[in-house]
Amino acid sequence: MTLLIHILDLIGIAAFAATGALLASKRGMDVFGGLVLAFVTGIGGGTMRDMILDVPVFWLTEPGYITACLAGFFLVYFFQWRFREAPKATINLLDMIGLAVFTILGAQKTILLGLPPATAIMMGVLTGCGGGLLRDVLANEVPMILTRKKLYATASLAGAILFVLINPISPVIAVTIGFIAVITLRLGSLFKDWRLPFFPK
């Protein structure tokens, strides 16, 4: 289980980093700008989580996370001609994977620290959404978390809640259900126009 979680963590970081690199390419940035967006997106949410929880920042002592960010960046850099065929769809796909993985891992880490379930849910959402929020702000894009027509933070919240509720029964099932919930809500939002009600004008 620990090995699976670590592998998912690295995959999520690489996927998020790739979305940062893709957005940098879309905005016409240079290589340095692409690296900045890749790293901010890949490790930004987890960094904010660890600083709030007052624990060692996860990537400072584990070079594998830096390698995962670089892998996501170089995947886009060397194959951007392929990604550009459907850049928006590609960003959405990779971002969805990162959102699901980081939501669950953020909530899980908080629970393992012995903190309350409500805190775990909040840290799950922060871990899942934080990197993408920083990416979009730095690239002068409307953050996905604030896009009213698509479920984003709501999908993360639902996945975190399900994980926290099921985790005492079975951690493996909790990870699976939480992950599927985030993916399902994001897919429904993207392809079936699922969304929350708007504030009345």
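This is a predicted model: local features need pLDDT of at least 70, side-chain atom pairs count only at pLDDT 80 or more; totals for chains, interfaces and linings use all residues.
Local features need pLDDT of at least 70 and side-chain atom pairs count only at pLDDT 80 or more, whereas totals for chains, interfaces and linings use all residues. Residues are numbered from 1 along each chain as its sequence is written, and side-chain values use heavy atoms, with hydrogens and water left out.

**View 1. Helix α5 crosses helix α6 in a right-handed sense.**
The axes of α5 (residues 117-138) and α6 (residues 153-166) come within 9 Å and cross at roughly 140°. That makes the pair oblique (under 35 degrees is roughly parallel, over 145 roughly antiparallel, 65 to 115 roughly perpendicular, and the rest oblique). Axes here are lines fitted to C-alpha atoms, for helices over the stretch in contact, with angles from 0 to 180 degrees between N-to-C directions. Helices are DSSP runs (H or I, at least four residues), numbered from the N terminus. A crossing is right-handed if the near helix is turned clockwise from the far one by less than a right angle. On the α5 side, look for Pro-117, Ala-120, Ile-121, Gly-124, Val-125 and Cys-129; α6 answers with Ala-153, Ser-156, Leu-157, Ala-160, Ile-161 and Val-164 (contact means heavy atoms within 4.5 Å). Ten of these residues are nonpolar, two polar and none charged (Ala, Val, Leu, Ile, Met, Phe, Trp, Tyr, Cys and Pro are nonpolar, Asp, Glu, Lys and Arg charged, the others, Gly among them, polar).

**View 2. Helix α1 runs roughly parallel to α5.**
The axes of α1 (residues 2-26) and α5 come within 10 Å and cross at roughly 15°. Phe-16, Thr-19, Gly-20 and Leu-23 of α1 meet Gly-128, Arg-135 and Asp-136 of α5. This contact has two nonpolar, three polar and two charged residues.

**View 3. The largest pocket has a volume of about 360 Å³.**
A pocket is an open set of points on a 1 Å grid over the protein atoms alone, with protein on both sides within 12 Å along at least five of seven lines; lining residues have an atom within 4 Å of a point. A volume is the space filled by probe spheres set on the points, which are joined across faces, edges and corners. Of the 20 lining residues, Asp-9, Arg-49, Phe-58, Tyr-65 and Lys-109 are closest to the centre. Helix α4 gives the largest share, six residues.

**View 4. The largest cavity holds about 40 Å³ of space.**
In a cavity, a 1.4 Å probe fits but cannot get out. Lining this one are Ile-5, Leu-8, Ala-100, Val-101, Ile-104, Leu-105, Val-175 and Phe-179, eight nonpolar residues with no polar or charged ones.

How values were computed
Helices (H or I, at least four residues) and strands (E, at least two) are DSSP runs, numbered from the N terminus.
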